[in-house]
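Hi there,

Here is the structure I promised to pass on to you. Have a look at it first, and then read my notes below.

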Amino acid sequence: MISKIFERHIATQLQSFLTKHDLLYRKQSGFRTSHSCSTALISLIDKWMEDVDEGKYVGALFLDLKKAIDLVDHEIIIHKLKLHHFSSAALKLMKSYIYERLQLVKIGDV
């Protein structure tokens with residue numbers, strides 16, 4: 001329970017930093033307040049309807065990237081955080097979160 005509260009706090013701080021420094025692509029929908037898959041789809045459908053009205057062709061390819069973060073090189077993430085002048089304490093925290101996480105299951109005394 002504490003870890004979820006801590007993760008939420010880190011996510012809130014990171015989101016605040018990214019927003020304050022305008023580091024997110026303006027059409028980024030994931031992980032942003034007041035944005036969702038629905039808002040992204042509405043935006044796409046509006047654009048497609050405009051294009052169809054103008055006689056343009058419209059095509060789409062959909063990919064499920066829900067586990068994409070697992071494929072990102074963590075060293076690249078840390079490097080990008082350094083480039084954006086994250087403090088050494090913040091970098092240390094992120095490294096420990098990425099590299100030193102353990103999960104345990106306890107059943108009875110085992």
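Let's start with one residue. Gln15 counts as buried because its relative accessibility is 18%; buried means under 20% relative accessible area, exposed means over 50%, and partly exposed is in between (1.4 Å probe, protein chains only). You will find Gln15 in helix 1, which covers residues 2-20. Helices here are DSSP runs (H or I, at least four residues), as strands are (E, at least two), numbered from the N terminus. Leaving out residues up to four places away in sequence, Gln15 touches Leu24, Phe31 and Arg32, where contact means heavy atoms within 4.5 Å.

Before going on, please keep in mind that this is a predicted model, in which local features need pLDDT of at least 70 and side-chain atom pairs count only at pLDDT 80 or more, while totals for chains, interfaces and linings use all residues. Residues are numbered from 1 along each chain as its sequence is written, and side-chain values use heavy atoms, with hydrogens and water left out.

Another buried residue is Asp51, at 11% relative accessibility. Asp51 sits in helix 2, and its contacts, neighbours within four places in sequence aside, are Lys56 and Val58.

Now for the loops. Gln28 belongs to the loop between helix 1 and helix 2 (37-53), and at 30% relative accessibility Gln28 counts as partly exposed. From C-alpha to C-alpha, Gln28 and His79 are 21 Å apart in space, and they are 51 residues apart in sequence.

Asp22 is not a glycine, yet has a positive phi of about 50°. Asp22 is in the loop between helix 1 and helix 2 and counts as exposed, at 66% relative accessibility. His85 is not a glycine either, and has a positive phi of about 60°. This residue, His85, lies in the loop between helix 3 and helix 4 and is exposed too, at 70% relative accessibility.

How do helix 3 and helix 4 cross? Two packed helices are described by the angle between their axes and the distance between the axes. The axes of helix 3 (residues 74-83) and helix 4 (residues 88-99) come within 11 Å and cross at roughly 170°. Axes are lines fitted to C-alpha atoms, for helices over the stretch in contact, and angles run from 0 to 180 degrees between N-to-C directions.

On the helix 3 side, His74, Glu75, Ile77, Ile78, Leu81 and Lys82 meet Leu91, Met94, Lys95, Ile98 and Tyr99 of helix 4.

Finally, the largest nonpolar core has 6 residues: Ile10, Ile78, Leu81, Phe86, Leu91 and Met94. Helix 3 and helix 4 each supply at least two residues of this core. A nonpolar core is a set of buried Ala, Val, Leu, Ile, Met, Phe, Trp, Tyr and Cys residues joined through side-chain atoms within 4.5 Å. Leu91 touches Ile78, Leu81, Lys82 and Phe86, not counting residues up to four places away in sequence.

Happy exploring!
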